[in-house]
Amino acid sequence: MYFLDPTSPELGQSRTSLPNSFVPSVRWGIGIDAEDFRLSPTASSDRFSFHLAQPPSPLLAGYWDLRRRIFCEEQGLFKDSDRDEQDAIAYPIAAVAHTGDAAGQVVGVVRILESSPRVWYGGRLGVDAAFRRQNQIGKGLIWKAVTTANAWGCDRFLATVQIQNVRFFQRLHWQSLDELEIRGLAHHLMEADLNYYQPARMLRPRRQAA
């Protein structure tokens with residue numbers, strides 16, 4: 001599951017109410033606050049958490065590696081790298097596993113960017129192949145992406161979604177606006193319902209080079 005750019009209940013009101021994953025995340029050197037656990041009702045889990053991966057985050061290496069594996073090696077949409085000029089203004093988001101052999105590893109990715117004032121796009125959404133049966137990762141990434149942008153000044157949040165994933169997004173309160181073709185694949189331009197994705201409480205960080 002992924003989309004390309006053309007480019008609910010709250011968990012963790014205090015440290016004592018955070019999921020068990022809070023402690024190992026600190027051990028891995030990942031900066032966490034309660035906002036990282038604001039997930040959609042259908043994505044809530046103590047097995048995964050979702051984080052902005054701003055430099056010098058230790059998550060960035062895993063973020064770039066998973067993007068390359070999904071979009072270059074697996075999907076063949078790019079040859080050697082899927083990075084582009086939009087990464088200079090995008091904010092990376094990573095899903096981190098908290099259990100099993102993959103504990104501490106990046107298992108999902110997405111980026112968000114403000115393409116024009118108050119208009120945001122999500123893109124490069126992908127989940128590690130070993131975790132795709134667990135829909136909560138994709139849902140959690142989408143929730144984190146839209147609620148974050150909504151907190152930073154967002155009137156519209158858009159994404160181009162591969163046709164096989166359109167119904168999945170519709171169930172998550174997105175609507176299709178148009179049909180289009182990107183790199184030879186059928187997509188829908190879709191928009192999130194910002195009334196459903198209430199703003200997160202985190203401040204927008206100063207942009208740093210990724």
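**Buried rings and their partners**

Biologist: Is Trp120 buried or exposed?
Modeller: The relative accessibility of Trp120 is 0%. This is a predicted model, where local features need pLDDT of at least 70, side-chain atom pairs need 80 or more, and totals for chains, interfaces and linings use all residues. Residues are numbered from 1 along each chain as its sequence is written, and side-chain values use heavy atoms, leaving out hydrogens and water. Since buried means under 20% relative accessible area, exposed over 50% and partly exposed in between (1.4 Å probe, protein chains only), Trp120 counts as buried.

Biologist: How many aromatic pairs are there?
Modeller: Rings of Phe, Tyr and Trp (its six-membered ring) pair if their centres lie within 6.5 Å; planes under 30 degrees apart are stacked, over 60 edge-to-face, and the rest tilted. By this rule the count of aromatic pairs is 11.

Biologist: What is the angle between the planes of Trp120 and Trp152?
Modeller: The ring centres of Trp120 and Trp152 are 5.9 Å apart. Trp152 is buried, its relative accessible area being 8%. The pair is tilted, and its planes make an angle of 55 degrees.

Biologist: Which residue forms a tilted pair with Trp143?
Modeller: Trp143 is buried, at 2% relative accessibility. In its pair, the centres are 5.2 Å apart and the planes 45 degrees apart.

Biologist: Which residues do ring pairs link into a cluster?
Modeller: A cluster is built up here through ring pairs. Its members are Phe157, Phe168, Phe169 and Trp174.
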